[in-house]
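Me: I am new to this structure and would like to learn how to read it. Can we go through it feature by feature?

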Amino acid sequence: MTRFVERHPAWALIVIIAIALALWLTLAVWPPGLEEAIGRKRVFLNAVFNGITLGGLYFLVASGFTLIFGLMRNVNLAHGSLYLFGGYVGYAISASTGSWLLSFIVAFILTALVGVLLQLIVFRRMEGQDLRQTMVTIGLSIVFADLMLWACGGDFYQIQTPNWLIGPIELPLITAVKSSGEPVYLRYPLVRLVIFAASVVIGLAMWLALNRTRIGMIIRAGVDDRDILAATGVRIQLVFVLVFALGAGLAGIAGVVGGTFQSLSPGEDIRFLLASLVVVIVGGMGSIPGAALGALIIGLAEQLGSVYIPTYAIVVTFLIMVLVLAVRPQGLLARR
Amino acid sequence: MLKCSVGLIALSSLFLSGAAIAQEKIKVGVTATLEGTYTVLGEDGMRGHQTALNVLGKKVGDKELEFIVASTDATPDSAVRAVRKLIEQDKVQILLSPLSGDEGIAVKNFAKTHPELTFINAASGAQETTYVDPAPNFFRYNMDGAQWQVGLGKYAYEDKKYRKIATVGEDYSFIYTQVFGLVLEFCGAGGQVTNRQWVPLGTKDFASVIAALPDDVDAIYLGLGGADAVNFLNQYQQAGGKAHLMGGSIMIDQTILSSKGNAKNALVGTIAASGQADTWEDPGWQKFVKAYQDAFPPNKRFPSPSLLATNYYGSTMALILALREVNGDLSNNQAKYKEALAKIEIDAPNGKIKLDANRQAIGTNFVTEVVDDGKGALFSKVVKVIPNVNQTLGYDPAVFAKIGLPSRTVPECKKY
């Protein structure tokens with residue numbers, strides 16, 4: 001931190017000013033002039049919160065994607081299908097048992113199993129052939145999409161939000177002051193906050209597992225040099241299967257999350273595949289903190305865009321991707 | 001020996017199948033949105049189409065109709081691609097296409113490049129399709145989005161006493177047309193539309209849109225469809241929204257009212273207008289509902305047909321009945337058939353339909369209110385039936401032309 005300030009004093013200043021501005025925008029009661037210029041504070045705060053929570057969902061999908069890529073150099077374009085599959089499994093479980101939490105567990109296990117099968121049956125046979133693997137995953141995603149369309153139809157499914165999560169809560173953030181002097185607090189959907197908290201926990205757990213455990217050490221070593229790692233006697237195939245299972249399972253969990261606060265239908269697989277591609281390209285292929293940063297940026301851009309420049313909202317995320325590719329093609333937080 | 005006999009059998013079966021196609025076929029291409037945001041709408045449209053075939057049969061004189069289906073995703077280029085494939089590869093002679101608004105405008109323009117063929121609109125409802133520079137070989141037997149809103153503005157103003165409303169709609173031609181119809185009537189009655197929000201087709205996260213809804217309005221009009229509508233309702237419920245709602249024709253429709261999950265319950269009591277009402281007592285409608293229900297098992301259909309099923313049913317009906325009138329004669333660039341199509345008056349399930357000079361439907365419209373049938377299923381209940389709605393919505397054509405074409409900001413909120 002201090003080294004960063006010493007080396008780039010100008011950048012540090014800009015960052016500090018930006019943080020201060022963001023804090024002021026969030027905490028202070030907006031003066032009337034500002035409200036006139038860019039709309040009510042409630043709208044702004046909601047958009048920011050939505051961006052962050054949406055980023056949480058994107059992170060869940062993209063982290064699995066980037067983990068698999070980082071270790072195996074395998075661009076798994078069937079990742080979106082795993083997301084949708086997890087969502088459908090989650091729906092089936094929550095509809096039949098009524099338990100929201102159970103649906104996460106089952107979705108995780110089943111999608112992880114699919115991931116294991118994919119790795120054992122398909123990818124292991126074409127190790128090191130990046131292009132071939134990528135083409136196969138495209139084919140698989142089409143096959144999966146049609147299988148799921150056949151099994152579940154084109155209907156929209158929503159996973160029932162548990163009762164204790166329905167409705168908004170008041171956050172201690174003042175959005176406006178009534179003429180009587182009484183403050184108006186921000187009301188925000190509880191379910192989104194919970195989901196965001198959960199994705200932060202998962203992100204932290206992954207970071208800890210990667211940086212503080214033995215298996216994490218092996219995975220990191222594998223990211224750097226698979227061949228040397230295998231030569232030291234580590235059963236690299238087992239590590240591949242584990243990582244694939246974890247990545248797929250995370251996509252499954254994300255599917256349940258997405259099915260809860262959005263909806264599941266054919267086409268969602270492609271959308272989330274695209275989102276996670278953009279996220280990891282922005283954040284840096286193979287980097288978990290990169291996926292977190294990328295997800296946050298893309299989520300915020302989508303939501304702020306949809307409020308302040310609705311006509312061009314779709315373009316914004318891709319503009320960001322283009323900018324990153326032009327300025328820092330390896331991604332914002334890539335190591336190499 | 002074995003090889004030889006297998007070859008013989010193969011050869012003879014070839015001859016046999018050759019004999020089977022000696023009976024002449026008329027090829028019809030059908031498109032529906034079987035992918036993307038409007039998948040459910042496309043599927044139910046195809047159910048309506050199938051129901052019509054069950055009722056009417058596929059025979060025209062001694063000819064048999066053959067239907068070839070192509071999928072689109074509600075974007076204009078996907079529709080043109082599908083139609084082109086049907087014409088160039090499958091050699092269809094008649095098209096039943098397309099489903100969605102922007103697709104309709106694109107296919108109408110494409111129809112001009114094939115004046116020898118006949119295009120029958122399946123369900124699309126943008127005004128521009130038949131109002132601006134219509135194609136002489138493009139026929140539309142359903143009303144447009146503005147016609148489908150007739151009656152709603154007055155009902156909201158006079159009976160529900162709404163004075164100020166805001167609208168949220170998908171950003172494309174059909175919803176522009178719907179909002180056009182609503183605003184004309186509501187503002188004409190004296191109401192105010194304070195805010196019009198447009199979201200891209202296929203928006204998933206509506207949370208920020210919901211946060212930006214104004215508080216000081218009596219009702220919020222929703223012009224959404226398919227997955228967008230379900231996502232909006234889901235997130236609206238999570239945000240604790242409580243405003244009065246009004247709905248467009250594909251918002252208050254079985255495609256949404258029978259979606260899984262409980263977000264749709266926010267719609268109970270919502271007023272809307274459309275080319276149909278689920279609980280209409282008319283015997284023709286009831287017969288159609290019965291035919292639809294009998295054609296598919298309960299888990300493969302909606303409790304009652306959606307607007308798309310009704311539209312596909314009506315257009316398939318026109319296609320077959322007119323073809324029977326000319327006894328399947330498609331000679332001379334289908335001239336006789338086109339003439340028959342322009343003149344035919346069909347007794348569709350949702351009321352009598354005839355075409356105007358632009359080959360655009362004049363039909364019946366319904367103002368509805370969403371009710372719960374007591375068992376958790378939602379239906380649209382008839383409030384008002386308005387017959388003979390034409391494309392200029394009863395305005396003098398010269399006055400109507402001055403209003404301008406439906407867009408994000410047209411019409412202005414005033415009395416024309």
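Predicted model: local features only at pLDDT ≥ 70, side-chain atom pairs only at ≥ 80, totals over all residues.

Me: Which residues does the domain assignment of chain B give to domain 1 and to domain 2?

Reply: The assignment puts 26–142 + 283–363 in domain 1 of chain B, and 147–280 + 365–403 in domain 2 of chain B.

Me: How many residues of domain 1 of chain B are in contact with domain 2 of chain B?

Reply: A contact here means that the C-beta atoms of two residues, placed from the backbone, lie within 7 Å. By that rule, 32 residues of domain 1 of chain B are in contact with 30 residues of domain 2 of chain B. On the domain 1 side, at least two residues each come from helix H2 (39–56), helix H4 (101–111), helix H5 (128–131), helix H12 (307–325) and strand E14 (361–372) of chain B. Sorted by class, that side of domain 1 of chain B has 13 nonpolar, 15 polar and 4 charged residues.

Me: How do I read the contact between the chains? How many residues of chain A are in contact with chain B?

Reply: In general, the size of an interface is often given as the accessible area lost when the parts come together. Here we go by residues: 32 of chain A are in contact with 30 of chain B. Helix H4 (41–72), strand E2 (183–189), helix H13 (288–308) and helix H14 (313–327) of chain A each supply at least two residues of the chain A side. The largest share of that side, 6 residues, comes from H4(A). By class, the side of chain A that touches chain B divides into 15 nonpolar, 13 polar and 4 charged residues.

Me: Now helix packing. At what angle do H2(B) and H12(B) pack?

Reply: The angle is about 40°, and the axes of H2(B) and H12(B) are 7 Å apart. H2(B) is therefore oblique to H12(B). The crossing of H2(B) with H12(B) is right-handed. Among the residues that meet are B:Leu41, B:Met46 and B:Leu53 in H2(B), and B:Leu308, B:Tyr312 and B:Ile320 in H12(B). The residues of this contact comprise 11 nonpolar, 7 polar and 2 charged.

Me: How do H8(A) and H11(A) lie to each other, roughly parallel or roughly antiparallel?

Reply: Read the angle and the distance together. The axes of helix H8 (residues 190–212) and helix H11 (residues 236–261) of chain A cross at roughly 165° and come within 11 Å. H8(A) and H11(A) are therefore roughly antiparallel. Their crossing is left-handed. A:Val191, A:Arg192 and A:Ile195 of H8(A) make the contact with A:Val257, A:Thr260 and A:Phe261 of H11(A). By class, this contact has 4 nonpolar, 1 polar and 1 charged residues.

Me: Last, the sheet. In what order do the 6 strands of the open sheet in chain B come?

Reply: The order is E2-E3-E1-E4-E5-E6 (chain B), with mixed pairing. Strand E2 (59–60) and strand E6 (138–140) of chain B are the edge strands, each pairing on one side only. E2(B) pairs with strand E3 (residues 63–71) of chain B in the antiparallel sense, over 2 bridges. B:Lys59 stands opposite B:Glu64, and B:Val60 stands opposite B:Lys63. The hairpin of E2(B) and E3(B) has 2 residues between the strands, and in this hairpin B:Gly61 takes a positive phi near 60°. Strand E1 (residues 25–32) of chain B runs parallel to E3(B), joined by 8 bridges. B:Ala32 stands opposite B:Ser71 in E3(B).

Definitions and conventions:
Residues numbered from 1 in each chain as written. Chains lettered and ligands numbered in written order. Domains from an automatic or database assignment. Helix = DSSP H or I, 4+ residues; strand = E, 2+ residues; numbered from the N terminus. Nonpolar A, V, L, I, M, F, W, Y, C, P; charged D, E, K, R; others polar. Axes fitted to C-alpha atoms, helices over the stretch in contact; angles between N-to-C directions. Parallel < 35°, antiparallel > 145°, perpendicular 65-115°, else oblique. Left-handed = near helix turned anticlockwise from the far one by under 90°. Pairing = 2+ DSSP bridges.
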